[in-house]
Amino acid sequence: MPKATTVGPLSTPAVSPRLLWTALVVVALMLLITYLVAFDQGAVSRSGMYLHELMHDGRHLLGVPCH
Amino acid sequence: MSLSEGSPAPTYGALLLRGLIAGLIAGLLAGLFAFTFGEPKVDAAIAIEEAASAQAQAATEQTSAAEEEPLVSRDGQKGGLFLATGLYGIALGGILATAYTLLRRRLRTPSDTRAALSLAGAALLGVVLIPYVKYPPNPPAVGDPDTINQRTISYLAILVIGLVAVWAAVVAKRTQPTEWRQAAAAVVGFLVVVVVGYALLPNVNEVPETFPPDLLWSFRLASLGTQVVMWTVLGVAFAALLSSTRRPASQPERQPVTTA
Ligand SMILES: [Zn+2]
């Protein structure tokens with residue numbers, strides 16, 4: 001860390017190990033959601049290809065390689 | 001509470017909630033954009049795809065065994081578009097709020113709004129614009145199903161490279177003392193990662209010669225627009241929602257001072 005800096009009012013909580021673990025779990029959950037939209041073909045959603053087909057156009061328009 | 005009196009900093013939960021809400025708003029607006037400008041192109045591409053497969057079928061004189069009902073109708077997929085962009089937006093909002101929570105104190109700006117917007121801008125550059133140039137998105141009827149695994153891996157790799165490039169720009173910038181040298185260092189750091197990444201990853205060009213180029217590019221523009229709407233609205237909405245976590249200005253609290 002370089003020199004001392006003072007910036008505005010407190011806008012985020014202090015980063016504790018506990019916060020880091022919570023953040024890790026949250027990010028993993030968020031990545032699981034993006035996986036469901038972008039790549040899953042039924043293995044995780046257990047819906048067969050239904051969800052995959054339902055979100056097909058979104059995948060193309062969000063820039064994800066589809067088919 | 002070793003800090004001064006007055007209301008404490010917002011919790012991670014409060015910030016996360018704002019990120020998820022901003023994400024839902026961004027996802028629905030991106031969906032609306034995609035529905036308006038993207039769906040007509042997807043329809044046109046699917047018409048080409050179906051004409052091609054009908055032709056292939058006629059050539060081999062197959063009977064209509066393949067004409068089974070699709071799992072989801074086209075109208076269903078157009079509704080599903082909003083589910084896809086909505087879920088995607090919520091997830092991106094959660095990740096943005098988490099990044100903000102963990103990185104806010106390292107961003108050297110007194111403005112929360114600026115901090116939130118620069119994180120969203122960095123993400124737009126790293127996971128949209130850099131991937132877009134290397135692997136422009138394709139409509140249905142473009143792309144070889146046999147290479148989908150390779151293309152997926154390459155796409156994930158370019159997302160990582162995009163984020164590393166943005167990070168490299170920030171690190172390089174902070175090594176320099178003066179403003180113009182900081183700007184130059186940021187550009188160099190960014191370009192080195194992008195050029196190396198582009199060179200290492202395989203090229204993909206699977207657009208059939210018969211596919212109309214204007215349809216291809218209007219689809220790609222609609223896709224780019226969808227993603228720009230997503231990240232722009234996400235950044236702005238998150239920044240706006242952050243203001244509701246702020247305490248009255250009469251109680252100025254200071255960040256803890258860190259010393260090397
Ligand atoms: Zn597709």
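## Polar contacts and the chain A side

Between chain A and chain B, 7 residue pairs are in polar contact, both residues of each pair being at pLDDT 80 or more. On the side of chain A that touches chain B, the elements giving two or more residues are α1 (17-38), α2 (50-54) and α3 (56-61) of chain A. Of these, α1(A) gives the most, with 12 residues. Sorted by class, this side of chain A has 30 nonpolar, 12 polar and 3 charged residues.

The model is predicted.

## Extent of the interface

The size of an interface is often given as the accessible area lost when the parts come together. Here chain A and chain B bury about 4,900 Å² between them, and 71% of that area is on carbon and sulfur atoms. In terms of residues, 45 of chain A are in contact with 68 of chain B.

The rule finds 1 salt bridge across the interface of chain A and chain B. A salt bridge joins B:Arg74 and A:Asp57, with 3.0 Å between the closest N and O atoms.

## The annotated span in chain A

The UniProt record, an unreviewed entry, places a "transmembrane region" at residues 20-39 of chain A. In the model, residues 20-39 of chain A are 95% helix and 0% strand. The end C-alpha atoms of this span lie 27 Å apart.

## B:Thr85

Is B:Thr85 buried or exposed? B:Thr85 has a relative accessibility of 1% and therefore counts as buried, the cut-off for buried being under 20%. The residue lies in helix α2 of chain B, which covers residues 74-103.

A polar atom of the B:Thr85 side chain lies 2.9 Å from the backbone oxygen of B:Gly27.

## B:Val228

B:Val228 lies in helix α6 of chain B, residues 213-242. Its relative accessible area is 31%, so B:Val228 is partly exposed; that class falls between the 20% limit for buried and the 50% limit for exposed.

B:Leu241 is 13 residues from B:Val228 along the chain. The C-alpha atoms of B:Val228 and B:Leu241 are separated by 20 Å.

Note on methods:
Residues are numbered from 1 along each chain as its sequence is written. Chains are lettered from A and ligands numbered from 1 in the order in which they are written. This is a predicted model: local features need pLDDT of at least 70, side-chain atom pairs count only at pLDDT 80 or more; totals for chains, interfaces and linings use all residues. Side-chain values use heavy atoms; hydrogens and water are left out. Contact means heavy atoms within 4.5 Å. Buried area is the accessible area (1.4 Å probe) that two parts lose on being put together, summed over both. A salt bridge is a side-chain nitrogen of Lys or Arg within 4 Å of a carboxyl oxygen of Asp or Glu. A polar contact is a pair of N or O atoms within 3.5 Å; within protein, one must be able to donate a hydrogen and the other to accept it, and residues adjacent in sequence count only if both atoms are side-chain atoms. Helices (H or I, at least four residues) and strands (E, at least two) are DSSP runs, numbered from the N terminus. Ala, Val, Leu, Ile, Met, Phe, Trp, Tyr, Cys and Pro count as nonpolar, Asp, Glu, Lys and Arg as charged, and the others, Gly among them, as polar. UniProt positions are given in the numbering used here, feature names are shortened, and annotations may be inferred rather than shown by experiment. Buried means under 20% relative accessible area, exposed over 50%, partly exposed in between (1.4 Å probe, protein chains only).
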